[in-house]
Amino acid sequence: MVFNRVDSMDDLFFDNIKKEQIGSHAVLFRKKLIDQEHYFYETIQAIAAEIPFHHYETRGGGRIAAAMTGCGNISWISDQYKGYRYEAFNPITKRKWPAIPKLFFDYAQECAAAGGFENFIPDSCLINRYAIGDKMGLHCDKDEKDLTAPIVSLSFGLSAPFIWGGLSRTDPKKRYMLHSGDVVVWGGESRLVYHAIGAVQKGNHPIFGPYRYNLTFRKVY
Ligand code: MD3
Ligand code: FE
């Protein structure tokens, strides 16, 4: 009998998708959505046609490198006066965000379940677009009312290092490269970990061009 060698008992092939346990309640699925790249590209562009990608400002006037749009009942915004928060109306167009497309919802729910969180009902999807060299500083996401729900993160296009620490800002960090089609699910004890994105790598992706896109599905209420 032949056994496949695995580097650790946490590295398994599940439905041919490599699954790495990167934290107590954080799992990374390599290339899980690689066959859906075209669908995600087209649908992101359709959402951006309604609510254009925008560079929000942090409180005090700093500029966030990633350009953002979103969908769902509420989505994430920020401005120099009140800082970041979730809002039902987009401040640029003064319109409601587009609904989460049915397939977005289904993929997010399927990914959450694969990560051990059944029946995930996201009400918000933040879409971040990074140009080459853009970063996102160390932070944790704690403004969602329901911290028992996981966050599902989908990456597309150019690659970037994902930096992931602990519950305290100064805890030691680990680094994982995230590539197009990779999915990460965070919940439980890993829900409030500090994380960051290092400089997006140079390149020109055949579908996504000179950008990295990240979608985070959240249950805010
Ligand atoms: C771990 N986005 O939008 S996704 C964010 O790639 C954000 O654009 C990064 O951090 C990006 O807030 C990283 C991975 C991620 C997202 C939310 C998390 C990891 C998380 C919330 C809790 C723990
Ligand atoms: Fe985050």
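1. A residue is called buried when its relative accessible area is under 20%, exposed when over 50%, and partly exposed in between (1.4 Å probe, protein chains only). Cysteine 125 has 0% relative accessibility and therefore counts as buried. Cysteine 140 is buried as well, with a relative accessible area of 15%.

2. On the basis of the numbers: this is a predicted model, in which local features need pLDDT of at least 70 and side-chain atom pairs count only at pLDDT 80 or more, while totals for chains, interfaces and linings use all residues. Residues are numbered from 1 along each chain as its sequence is written, chains are lettered from A and ligands numbered from 1 in the order in which they are written, and side-chain values use heavy atoms, with hydrogens and water left out.

3. The structure holds 0 disulfides, a disulfide being a pair of cysteine sulfur atoms within 2.5 Å. Cysteine 125 is in none, and its nearest cysteine sulfur, that of cysteine 71, is 4.2 Å away.

4. The iron ion (ligand 2) is coordinated by His139 (NE2), Asp141 (OD) and His195 (NE2), at 2.0 to 2.2 Å. Donors here are N, O and S atoms within 2.8 Å of the metal (3.2 Å for Na, K and Ca); water is not among the atoms, so the site may look incomplete. Along the chain the donors of the iron ion (ligand 2) have the spacing H-x1-D-x53-H.

5. The two histidines link distant parts of the chain, 56 residues apart: histidine 139 lies in strand β8 (residues 136-139) and histidine 195 in strand β13 (residues 195-197). Strands (E, at least two residues) and helices (H or I, at least four) are DSSP runs, numbered from the N terminus. Histidine 139, at 21% relative accessibility, counts as partly exposed, and histidine 195, at 18%, counts as buried.

6. Strands β8, β13, β10 and β11 form, in that order, an open sheet of 4 strands with antiparallel pairing; two strands pair if DSSP finds at least two bridges between them. β8 and β11 (174-178) each have a single partner strand, so one side of each is left without a neighbour in the sheet. Strand β10 (residues 160-164) runs antiparallel to β11, joined by 5 bridges, with alanine 160 opposite leucine 178.

7. Strand β12 (residues 183-186) pairs antiparallel with β3 (residues 26-29) over 4 bridges and is joined to antiparallel β9 (residues 151-157) by 4 bridges. Tryptophan 186 is the bridge partner of alanine 26 and stands opposite isoleucine 151. From β12, Val183 and Val185 point one way and Val184 and Trp186 the other, and all are buried.
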